[in-house]
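Hi there,

Here is the structure I promised to pass on. Please have a look at it first, and then read my notes below.

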Amino acid sequence: MRHLRWAGLVGAVVFVVGFFMVSSVPGGGDVDSADFEKYYVTDDDTALAIAGLLILSAGLILLVLFLHYLRAHVPSDLSQLGFVAGVAGFAVLGAGACLLAAPSAVQVFGDEEYVGQQVAHTFAAAGFLVMLIPAALLIGLAIAAYSIGGRLSGALPAWVSIIGYIVALLQLIAIIYLPFLVVPVWMALASIAGAGRRGVVATP
(Lines give C-alpha, C1' and ligand atoms only; values in the text may rest on other atoms or scores of the structure.)
Protein backbone atom coordinates (compact mmCIF):
# COMPACT_ATOMS: atom_id res chain seq x y z
CA MET A 1 0.00 0.00 0.00
CA ARG A 2 2.81 2.42 0.83
CA HIS A 3 4.09 2.31 -2.73
CA LEU A 4 0.85 3.99 -3.84
CA ARG A 5 2.22 7.13 -2.20
CA TRP A 6 4.20 7.81 -5.38
CA ALA A 7 1.09 7.50 -7.53
CA GLY A 8 0.34 11.07 -6.44
CA LEU A 9 3.58 12.49 -7.79
CA VAL A 10 3.60 10.49 -11.02
CA GLY A 11 -0.12 11.01 -11.51
CA ALA A 12 0.22 14.78 -11.04
CA VAL A 13 2.87 14.99 -13.76
CA VAL A 14 0.93 12.78 -16.18
CA PHE A 15 -2.27 14.68 -15.39
CA VAL A 16 -0.72 18.06 -16.18
CA VAL A 17 0.63 16.85 -19.53
CA GLY A 18 -2.72 15.37 -20.54
CA PHE A 19 -4.67 18.36 -19.25
CA PHE A 20 -2.68 20.83 -21.36
CA MET A 21 -2.96 18.63 -24.44
CA VAL A 22 -6.73 18.33 -24.11
CA SER A 23 -7.03 22.03 -23.27
CA SER A 24 -5.31 22.92 -26.54
CA VAL A 25 -8.80 22.70 -28.05
CA PRO A 26 -9.98 26.28 -28.78
CA GLY A 27 -13.11 27.55 -27.09
CA GLY A 28 -12.15 28.29 -23.51
CA GLY A 29 -11.56 32.00 -23.89
CA ASP A 30 -11.65 34.80 -26.45
CA VAL A 31 -11.69 32.90 -29.75
CA ASP A 32 -13.06 33.43 -33.23
CA SER A 33 -13.76 31.35 -36.31
CA ALA A 34 -10.12 31.58 -37.41
CA ASP A 35 -8.96 29.81 -34.25
CA PHE A 36 -11.28 26.88 -34.88
CA GLU A 37 -10.41 26.75 -38.58
CA LYS A 38 -6.71 26.67 -37.73
CA TYR A 39 -7.07 23.91 -35.13
CA TYR A 40 -9.49 21.61 -36.96
CA VAL A 41 -8.62 22.26 -40.63
CA THR A 42 -5.41 24.15 -41.37
CA ASP A 43 -3.13 22.49 -38.79
CA ASP A 44 -5.40 19.49 -38.17
CA ASP A 45 -4.43 19.17 -34.50
CA THR A 46 -7.36 16.90 -33.74
CA ALA A 47 -5.17 13.93 -32.83
CA LEU A 48 -3.59 16.06 -30.08
CA ALA A 49 -6.84 16.17 -28.13
CA ILE A 50 -7.38 12.41 -28.42
CA ALA A 51 -3.82 11.65 -27.31
CA GLY A 52 -4.24 14.14 -24.48
CA LEU A 53 -7.43 12.43 -23.37
CA LEU A 54 -5.61 9.09 -23.12
CA ILE A 55 -2.76 10.62 -21.12
CA LEU A 56 -5.15 12.57 -18.90
CA SER A 57 -7.13 9.39 -18.20
CA ALA A 58 -3.95 7.62 -17.09
CA GLY A 59 -3.19 10.54 -14.78
CA LEU A 60 -6.68 10.43 -13.31
CA ILE A 61 -6.35 6.71 -12.56
CA LEU A 62 -3.05 7.29 -10.78
CA LEU A 63 -4.52 10.14 -8.74
CA VAL A 64 -7.48 7.98 -7.71
CA LEU A 65 -4.98 5.40 -6.47
CA PHE A 66 -3.28 8.17 -4.49
CA LEU A 67 -6.62 9.17 -2.97
CA HIS A 68 -7.00 5.55 -1.90
CA TYR A 69 -3.58 5.73 -0.28
CA LEU A 70 -4.58 8.89 1.61
CA ARG A 71 -7.84 7.31 2.74
CA ALA A 72 -5.89 4.41 4.24
CA HIS A 73 -3.22 6.54 5.92
CA VAL A 74 -5.16 9.57 7.18
CA PRO A 75 -6.99 8.24 10.27
CA SER A 76 -10.02 10.52 10.14
CA ASP A 77 -13.69 10.18 9.30
CA LEU A 78 -13.07 12.92 6.76
CA SER A 79 -10.93 10.56 4.69
CA GLN A 80 -13.99 8.76 3.32
CA LEU A 81 -15.56 12.08 2.35
CA GLY A 82 -12.32 13.10 0.67
CA PHE A 83 -12.13 9.87 -1.28
CA VAL A 84 -15.73 9.95 -2.51
CA ALA A 85 -15.58 13.66 -3.43
CA GLY A 86 -12.23 13.20 -5.15
CA VAL A 87 -13.28 10.19 -7.21
CA ALA A 88 -16.49 11.98 -8.21
CA GLY A 89 -14.54 15.10 -9.12
CA PHE A 90 -12.04 13.23 -11.26
CA ALA A 91 -14.86 11.33 -12.98
CA VAL A 92 -16.65 14.59 -13.80
CA LEU A 93 -13.36 16.06 -15.02
CA GLY A 94 -12.88 13.09 -17.33
CA ALA A 95 -16.39 13.62 -18.70
CA GLY A 96 -15.57 17.27 -19.38
CA ALA A 97 -12.40 16.27 -21.19
CA CYS A 98 -14.43 13.90 -23.37
CA LEU A 99 -16.69 16.78 -24.35
CA LEU A 100 -13.65 18.83 -25.33
CA ALA A 101 -12.28 16.01 -27.47
CA ALA A 102 -15.62 15.00 -29.03
CA PRO A 103 -15.38 17.18 -32.19
CA SER A 104 -11.83 15.89 -32.72
CA ALA A 105 -13.04 12.29 -32.41
CA VAL A 106 -15.47 12.89 -35.26
CA GLN A 107 -12.53 13.52 -37.59
CA VAL A 108 -10.01 11.08 -36.10
CA PHE A 109 -12.29 8.05 -35.91
CA GLY A 110 -14.50 8.67 -38.92
CA ASP A 111 -14.65 10.13 -42.40
CA GLU A 112 -16.60 13.20 -41.37
CA GLU A 113 -15.34 16.69 -42.09
CA TYR A 114 -14.87 19.53 -39.60
CA VAL A 115 -18.08 19.83 -37.56
CA GLY A 116 -18.14 23.62 -37.83
CA GLN A 117 -17.46 26.47 -35.43
CA GLN A 118 -20.82 26.47 -33.67
CA VAL A 119 -20.73 22.76 -32.82
CA ALA A 120 -17.03 22.78 -31.88
CA HIS A 121 -17.43 25.90 -29.74
CA THR A 122 -20.47 24.48 -27.96
CA PHE A 123 -18.68 21.26 -27.04
CA ALA A 124 -15.58 23.17 -25.96
CA ALA A 125 -17.54 25.57 -23.77
CA ALA A 126 -19.46 22.68 -22.20
CA GLY A 127 -16.25 20.75 -21.57
CA PHE A 128 -14.45 23.63 -19.91
CA LEU A 129 -17.49 24.45 -17.76
CA VAL A 130 -17.77 20.85 -16.55
CA MET A 131 -14.04 20.66 -15.78
CA LEU A 132 -13.69 24.04 -14.10
CA ILE A 133 -16.89 24.27 -12.05
CA PRO A 134 -18.40 20.99 -10.73
CA ALA A 135 -15.16 18.99 -11.12
CA ALA A 136 -13.03 21.69 -9.50
CA LEU A 137 -15.46 22.14 -6.60
CA LEU A 138 -15.65 18.40 -5.89
CA ILE A 139 -11.86 18.05 -6.02
CA GLY A 140 -11.54 21.13 -3.82
CA LEU A 141 -13.86 19.49 -1.28
CA ALA A 142 -11.70 16.35 -1.37
CA ILE A 143 -8.50 18.31 -0.75
CA ALA A 144 -10.15 20.24 2.09
CA ALA A 145 -11.38 17.03 3.72
CA TYR A 146 -7.99 15.35 3.53
CA SER A 147 -6.20 18.48 4.71
CA ILE A 148 -8.43 18.94 7.74
CA GLY A 149 -8.37 15.24 8.57
CA GLY A 150 -4.62 15.08 8.12
CA ARG A 151 -4.09 18.14 10.32
CA LEU A 152 -6.38 16.92 13.11
CA SER A 153 -4.81 13.48 13.20
CA GLY A 154 -1.26 14.63 12.59
CA ALA A 155 -1.08 12.25 9.60
CA LEU A 156 -0.06 15.02 7.20
CA PRO A 157 2.65 17.63 7.82
CA ALA A 158 1.16 20.95 8.87
CA TRP A 159 2.46 22.74 5.79
CA VAL A 160 0.77 20.23 3.46
CA SER A 161 -2.55 20.78 5.23
CA ILE A 162 -2.20 24.57 5.16
CA ILE A 163 -1.42 24.56 1.46
CA GLY A 164 -4.39 22.21 1.02
CA TYR A 165 -6.70 24.75 2.65
CA ILE A 166 -5.54 27.39 0.17
CA VAL A 167 -5.80 25.07 -2.85
CA ALA A 168 -9.31 23.98 -1.82
CA LEU A 169 -10.43 27.59 -1.42
CA LEU A 170 -9.01 28.54 -4.82
CA GLN A 171 -11.29 26.00 -6.49
CA LEU A 172 -14.16 28.40 -5.82
CA ILE A 173 -12.71 30.61 -8.58
CA ALA A 174 -11.28 27.86 -10.80
CA ILE A 175 -13.48 29.05 -13.67
CA ILE A 176 -10.65 31.45 -14.51
CA TYR A 177 -8.54 28.36 -15.18
CA LEU A 178 -5.25 29.07 -13.37
CA PRO A 179 -6.44 28.23 -9.81
CA PHE A 180 -7.30 24.71 -10.97
CA LEU A 181 -3.67 24.07 -11.92
CA VAL A 182 -2.63 24.13 -8.25
CA VAL A 183 -4.56 20.87 -7.70
CA PRO A 184 -1.84 18.63 -9.17
CA VAL A 185 0.75 20.72 -7.31
CA TRP A 186 -0.90 19.81 -3.99
CA MET A 187 -1.18 16.17 -5.03
CA ALA A 188 2.55 16.09 -5.82
CA LEU A 189 3.49 17.80 -2.55
CA ALA A 190 1.29 15.47 -0.49
CA SER A 191 2.82 12.52 -2.32
CA ILE A 192 6.36 13.65 -1.58
CA ALA A 193 5.56 14.38 2.08
CA GLY A 194 3.72 11.08 2.58
CA ALA A 195 0.99 10.36 5.08
CA GLY A 196 0.68 8.28 8.23
CA ARG A 197 0.42 8.57 11.97
CA ARG A 198 3.08 10.94 13.25
CA GLY A 199 2.16 10.93 16.90
CA VAL A 200 1.05 14.53 16.88
CA VAL A 201 -2.51 15.75 17.05
CA ALA A 202 -2.87 19.30 15.81
CA THR A 203 -5.63 21.83 15.62
CA PRO A 204 -7.18 22.62 12.24
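**Aromatic pairs**

Y39 is buried, and Y40 is buried as well. Please keep in mind that this is a predicted model. The rings of Y39 and Y40 form an edge-to-face aromatic pair, with 5.0 Å from centre to centre and 75° between the planes. In total, the structure holds seven aromatic pairs.

Another of these involves F66 and Y69: their ring centres are 5.7 Å apart and their planes are at 20°, so this pair is stacked. Both of these residues are buried too. F66 and Y69 are three residues apart in helix α3, which means that about one helical turn separates them. As a reminder, an α-helix has 3.6 residues a turn, so residues three or four places apart point the same way.

There is also an aromatic cluster made up of F15, F19, F20 and F180. And if you like charges over rings, look at R71: its charged end sits over the ring of F83, 3.8 Å from the ring centre.

**Helix α2**

Along with F36, Y39 and Y40 are the buried residues of helix α2, which spans residues 33-42. Viewed down the axis of α2, the buried residues fall within an arc of 80°, so they line one face of the helix. What covers them includes α3 (46-73), α4 (78-108) and α5 (117-132).

At its start, a side-chain oxygen of D32 comes to within 3.0 Å of the backbone nitrogen of A34. Just after α2, D44 has a positive phi of about 50°.

**The core**

The largest nonpolar core has 53 residues, and those with the most contacts inside it are F15, L56, L70, L93, F180, W186 and M187. At least two residues of this core come from each of α1 (5-22), α2, α3, α4, α5, α6 (134-153), α7 and α8 (182-193). Helix α3 gives the largest share, 10 residues.

**One serine**

Finally, is S161 buried or exposed? With 0% relative accessibility, S161 counts as buried. This serine is found in helix α7, residues 158-170. Not counting residues up to four places away in sequence, S161 touches S147, G150, R151 and L156.

Happy browsing, and best wishes

Technical notes. Residues numbered from 1 in each chain as written. Predicted model: local features only at pLDDT ≥ 70, side-chain atom pairs only at ≥ 80, totals over all residues. Heavy atoms only, no water. Buried < 20%, exposed > 50% of the residue type's maximum accessible area, 1.4 Å probe, protein only. Helix = DSSP H or I, 4+ residues; strand = E, 2+ residues; numbered from the N terminus. Arc of directions from axis to C-beta. Contact = heavy atoms within 4.5 Å. Polar contact = N/O pair within 3.5 Å; in protein donor to acceptor, adjacent residues only side chain to side chain. Core = buried A, V, L, I, M, F, W, Y, C linked by side-chain atoms within 4.5 Å. Phe/Tyr/Trp six-rings, centres within 6.5 Å; stacked < 30°, edge-to-face > 60°. Lys NZ or Arg CZ within 6 Å of the ring centre and 35° of its normal.
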